[in-house]
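Let's take a walk through this structure together, starting with one chain and ending where the two chains meet. Keep the 3D view open as you read.

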Number of protein chains: 2
Amino acid sequence: MAHLTYFNGRGRGEVIRMMLAAAKIPFTETFLTERQPFEKLIQDGLLPFKQVPLLKIDDMELVQTGAIVRYVAKKGGMYGADDKEATMIDMYYEASRDFYSKFLPVLFMKTEEQAVKDAKAAGEDKYFPALEKRLKETGSGYLLGTSLTMADVGFLEVLLLCVEFGGDDFLDDHSDVKQYYQRLVATPLMAEFLKSPFRKRKNDEQYIKEVKRVLNRE
Amino acid sequence: MAHLTYFNGRGRGEVIRMMLAAAKIPFTETFLTERQPFEKLIQDGLLPFKQVPLLKIDDMELVQTGAIVRYVAKKGGMYGADDKEATMIDMYYEASRDFYSKFLPVLFMKTEEQAVKDAKAAGEDKYFPALEKRLKETGSGYLLGTSLTMADVGFLEVLLLCVEFGGDDFLDDHSDVKQYYQRLVATPLMAEFLKSPFRKRKNDEQYIKEVKRVLNRE
């Protein structure tokens, strides 16, 4: 049983939750909503960089989203069969993080309209064509091999944002990407995750308030 | 023999160059200084996300810095002995990237003074204490085990920036970090790299101009 400590919202925690679900690793959660418990974690030496998410798993206390996601991917057999496959997965996972970063202004509720437009432009220019090409190469509906990897989960997180912020027609000009997205969403483990309490709500005022309180940025 | 395609400056290419040097993988370089050769790489399908660096190695064409660095680390035996060690290395490598990001405003020549101050504050608050604690734990002068890993190279890149932009006394209040930095710089492979033509000069007007020309952002 793993245990995730993060805010009660998506943020950096969401891709970890998705990966745990995809890797079939059961987990429980602690939500930080006040400053004091966060300070205690720092004092106890559990947050070397004074940042969450924190995942307790296999007697380790892991921080840094990219490190946690990779460990979970290895445990779940979602990181390819050899170094070359893992590198291909890293390429697409890292690209999904770049694409994700385009949504950060939206997620923090600034200039939503322009940010969605910028994210769409980045998708059209870089990420959708790359996905289309790659999906044609593998022919399996996945970015590597014939099953879900860390790379697919990384892109699923962003494609969910695309549709949530950009509307159902965001992917309409890219039918292969849309099919890929629809297939991922329908994967039993992902479908189950998305309707579970582990899937967090869209950022709202309450979430922003809690994060600021914990980080002393009120 | 590997081949790196990037701009004629540090940027996202520098940590790859450092890793290739540390892994004793010989490489040559192509510098992008004009738009046309960059467009040709895109047309030839070598840049799936329309971004460099691009590393040709072992009959693969790799993009995305984080993916490239990990592949080189594996080849060079710089990624630990098992999944747990690799995860520890990922934690520190990812933290070094967060710290590096504090220097981005400096590197793009905006508000240098304030950015250096912010980077210093982040170092004092998060990264130097974490390094001190970790170095005490390993006792080897390295962040994991008894030899140079991807995590050390990641931090070396940032500590070089600390001293370059903040001055020789930037690390004076953290003697353990300063010793760590001095030892890394003196490692034969890193010492050799730093005086070689592979080590690029500090960003200057010429570099910024070339990058903008290649990316059509003039």
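What follows goes from the overall build of chain A to its charged pairs, and then to the interface with chain B. Bear in mind that this is a predicted model.

Start with chain A as a whole. DSSP gives chain A 10 helices and 4 strands. Follow the chain from the N terminus and the elements come in the order β-α-β-α-β-β-α-α-α-α-α-α-α-α. So how does its size compare with that of a compact globule? For 218 residues, a compact globule would have a radius of gyration near 17 Å, and chain A comes out at 17 Å, so the two agree. Of the 218 residues in chain A, 53% count as buried. If you take the contacts in chain A with a separation of 6 or more, 68% of them are between residues 24 or more positions apart.

Now for the charged pairs. Side chains of opposite charge can pair when their charged atoms come close. Over all chains, the rule counts 36 salt bridges. One of them is between A:Glu29 and A:Lys200, with N and O 2.8 Å apart. A:Glu29 sits in strand 2 (residues 27-32) of chain A, while A:Lys200 is in the loop between helix 9 (188-194) and helix 10 (205-214), so this pair ties together parts that are 171 residues apart in sequence. Is A:Lys200 buried or exposed? It has a relative accessible area of 5%, and buried means under 20%, so A:Lys200 is buried.

Compare that with A:Asp172 and A:Lys178, which form a salt bridge whose closest N and O atoms are 2.4 Å apart. Here A:Asp172 counts as partly exposed at 42% relative accessibility, and A:Lys178 is partly exposed too, at 23%.

The side chains of B:Glu34 and B:Arg213 meet in a salt bridge at 3.4 Å, N to O. This pair links distant parts of the chain: B:Glu34 is in the loop between strand 2 (27-31) and helix 2 (35-43) of chain B, and B:Arg213 is in helix 10 (residues 205-214), 179 residues apart. Both ends are partly exposed, with B:Glu34 at 38% relative accessibility and B:Arg213 at 21%. Back in chain A, salt bridges with shared partners join A:Glu14, A:Arg17, A:Glu29, A:Arg199 and A:Lys200 into one network.

That brings us to the interface. Here 32 residues of chain B are in contact with 32 residues of chain A. Together the chains bury about 2,900 Å², 59% of it on carbon and sulfur atoms. The rule finds 2 salt bridges across this interface, including A:Asp125 with B:Lys50, whose closest N and O atoms are 2.8 Å apart. There are also 8 residue pairs in polar contact between the chains.

Which parts of chain B supply this side? Strand 4 (60-63), helix 3 (65-75), helix 4 (83-101) and helix 6 (112-138) each give at least two residues. Helix 4 of chain B provides the largest share, 10 residues. By class, this side of chain B has 14 nonpolar, 5 polar and 13 charged residues.

Finally, look at A:Asp90, in helix 4 (residues 83-101) of chain A. At 0% relative accessibility, A:Asp90 counts as buried. Beyond its neighbours within four places in sequence, A:Asp90 is in contact with A:Arg70, A:Tyr79, A:Met150, B:Ala67 and B:Arg70.

Notes:
Residues are numbered from 1 along each chain as its sequence is written. Chains are lettered from A and ligands numbered from 1 in the order in which they are written. This is a predicted model: local features need pLDDT of at least 70, side-chain atom pairs count only at pLDDT 80 or more; totals for chains, interfaces and linings use all residues. Side-chain values use heavy atoms; hydrogens and water are left out. Contact means heavy atoms within 4.5 Å. Buried area is the accessible area (1.4 Å probe) that two parts lose on being put together, summed over both. A salt bridge is a side-chain nitrogen of Lys or Arg within 4 Å of a carboxyl oxygen of Asp or Glu. A polar contact is a pair of N or O atoms within 3.5 Å; within protein, one must be able to donate a hydrogen and the other to accept it, and residues adjacent in sequence count only if both atoms are side-chain atoms. Ala, Val, Leu, Ile, Met, Phe, Trp, Tyr, Cys and Pro count as nonpolar, Asp, Glu, Lys and Arg as charged, and the others, Gly among them, as polar. The radius of gyration is taken over C-alpha atoms; the globule rule is 2.2 Å times the number of residues to the power 0.38. Buried means under 20% relative accessible area, exposed over 50%, partly exposed in between (1.4 Å probe, protein chains only).
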